[in-house]
Amino acid sequence: MVNFWASWCLACREEHPDLLAAWERYRERGVVLVGIDFEDTEEAALAYAEEMGGDWPLVTDPGSRTAIAYGVFGVPETFVIAPDGTITAKTVGAVTYEWLSKEIDAALRMS
């Protein structure tokens with residue numbers, strides 16, 4: 001999974017517990033969640049990560065090159081990627097645990 005987020009994003013705060021729940025459920029099955037900080041400062045991003053919790057990898061996106069490559073218009077946006085690298089699902093706005101579970105299960109069935 002790839003999740004574009006920012007410390008200033010209210011919907012990102014709303015979805016965070018659902019991302020955390022999905023991460024806890026699926027990480028042992030080899031699912032990786034990468035959070036890509038979008039148009040944010042490093043200091044604000046680090047403070048947000050410490051406040052909100054979660055231990056999945058967080059990366060910066062200098063110049064928004066990755067966001068542009070994914071066609072991101074704003075945050076949050078979440079992509080589910082199958083083991084073969086195919087993007088199998090995308091959602092704009094706050095994700096739910098139910099959506100994540102359904103889409104991750106479908107992507108895992110493709111492997």
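Q: At what angle do helix H1 and helix H4 pack?
A: About 35°, with the axes of H1 (residues 10–26) and H4 (residues 97–109) 9 Å apart. Axes are lines fitted to C-alpha atoms, for helices over the stretch in contact, and angles run from 0 to 180 degrees between N-to-C directions. Helices (H or I, at least four residues) and strands (E, at least two) are DSSP runs, numbered from the N terminus.

Q: What sort of model is it, and what counts?
A: The model is predicted: local features need pLDDT of at least 70, side-chain atom pairs count only at pLDDT 80 or more, and totals for chains, interfaces and linings use all residues. Residues are numbered from 1 along each chain as its sequence is written, and side-chain values use heavy atoms, leaving out hydrogens and water.

Q: Which residues make the H1–H4 contact?
A: From H1, they include Leu-19, Ala-22 and Tyr-26. From H4, Leu-100, Ile-104 and Leu-108 are among them. Contact means heavy atoms within 4.5 Å.

Q: New topic. Where is the cis peptide bond?
A: Between Val-75 and Pro-76, with omega about -5°. Pro-76 sits in the loop between helix H3 (65–70) and strand S4 (77–81). Most peptide bonds are trans.

Q: What about phi at Glu-39?
A: Positive, about 45°, although Glu-39 is not a glycine. Glu-39 lies in the loop between strand S2 (34–37) and helix H2 (42–52).

Q: And is Glu-39 buried or exposed?
A: Exposed, at 53% relative accessibility. Buried means under 20% relative accessible area, exposed over 50%, partly exposed in between (1.4 Å probe, protein chains only).

Q: How about Ser-64, buried or exposed?
A: Ser-64 is buried, at 12%. Its phi is also positive, near 55°.
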